[in-house]
Amino acid sequence: RHPNYAGEILLWWGIFLACSPVLEGWMWIALLGPILITVLILFVSGLPILEASADKRYGTNSDYRAYKDTTSVLIPLPPGTYEQFAPPIRAVLLCDWPIYSKEGADGYSAVE
């Protein structure tokens, strides 16, 4: 649902990895950049806010619920692949954690 955030996270980790061979001593503080971006997107200002907003706005829409049940929150996958994973695998490999599901106006919760 948010592949742009996956790209942002990968970009910052890629920049860090490209620079890491020349890092020495105090320069390793550069590791804080990709860590901070990842934490912000996954837990603070990215996914939680967008998912809560979408759940509030579209939570009563059955098409949205079906879309949410068949689409990874972060990692883009081919159609039909996401629902083949068990929920624990989704959480570990695809970062699809319960914190991204808020109850909609009708009490709907995407986590079933």
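How do α2 and α3 run, roughly parallel or roughly antiparallel to each other? Hold that thought for a moment.

First, some ground rules. This is a predicted model, where local features need pLDDT of at least 70, side-chain atom pairs count only at pLDDT 80 or more, and totals for chains, interfaces and linings use all residues. Residues are numbered from 1 along each chain as its sequence is written, and side-chain values use heavy atoms, with hydrogens and water left out.

Now the helices. Helices here are DSSP runs of H or I with at least four residues, numbered from the N terminus. The axes of α2 and α3 come within 5 Å and cross at roughly 20°. An axis is a line fitted to C-alpha atoms, for helices over the stretch in contact, and angles run from 0 to 180 degrees between N-to-C directions. Angles under 35 degrees count as roughly parallel, over 145 as roughly antiparallel, 65 to 115 as roughly perpendicular, and the rest as oblique. So there is our answer: α2 and α3 are roughly parallel to each other. Ile-41, Leu-42, Phe-43 and Val-44 sit on the α2 side, and they meet Leu-47, Pro-48 and Ile-49 in α3.

Next pair. Helix α1 covers residues 3-19, and its axis comes within 9 Å of that of α2, crossing at roughly 170°. The two are therefore roughly antiparallel to each other. From α1, the contact uses Tyr-5, Glu-8, Ile-9, Trp-12, Trp-13 and Phe-16. From α2 come Pro-34, Ile-35, Ile-37, Thr-38, Ile-41 and Leu-42. Contact means heavy atoms within 4.5 Å.

Stay with α2, residues 32-44, and look at Leu-40 in that helix. Leu-40 is partly exposed, at a relative accessible area of 31%. Buried would be under 20%, exposed over 50%, and partly exposed is in between, with a 1.4 Å probe and protein chains only. Leu-40 also belongs to a nonpolar surface patch of about 560 Å². For patches, residues need over 30% relative accessible area and no salt bridge; like charges are joined within 9 Å, and nonpolar side chains (Val, Leu, Ile, Met, Phe, Trp, Tyr) within 5 Å.

On to charges. How many salt bridges does a search of the whole structure find? Three. The test is a side-chain nitrogen of Lys or Arg within 4 Å of a carboxyl oxygen of Asp or Glu.

Start with Arg-1 and Glu-51, whose closest N and O atoms are 3.1 Å apart. Arg-1 lies in the segment before α1 and Glu-51 in helix α3, residues 47-58, so this pair ties together parts that are 50 residues apart in sequence. Glu-51 also meets Lys-68, at 3.4 Å, N to O. Lys-68 is in helix α4, so that bridge joins α4 to α3 across 17 residues of sequence. Lys-68 then pairs with Asp-55 at 2.5 Å, N to O. Asp-55 is in α3, 13 residues from Lys-68.

Buried or exposed? Arg-1 and Glu-51 are buried, and so are Asp-55 and Lys-68. Together, Arg-1, Glu-51, Asp-55 and Lys-68 are linked in a network of salt bridges.

Last stop: Ile-75, in the loop between α4 (62-70) and α5 (87-94). Ile-75 and Arg-1 are 74 residues apart along the chain, and their C-alpha atoms are separated by 8.1 Å. At 30% relative accessibility, Ile-75 counts as partly exposed. Beyond its neighbours within four places in sequence, Ile-75 is in contact with Leu-93 and Leu-94.

Note on methods. Accessible areas come from the Shrake-Rupley method with a 1.4 Å probe; for residues, only the protein chains shown count as cover.
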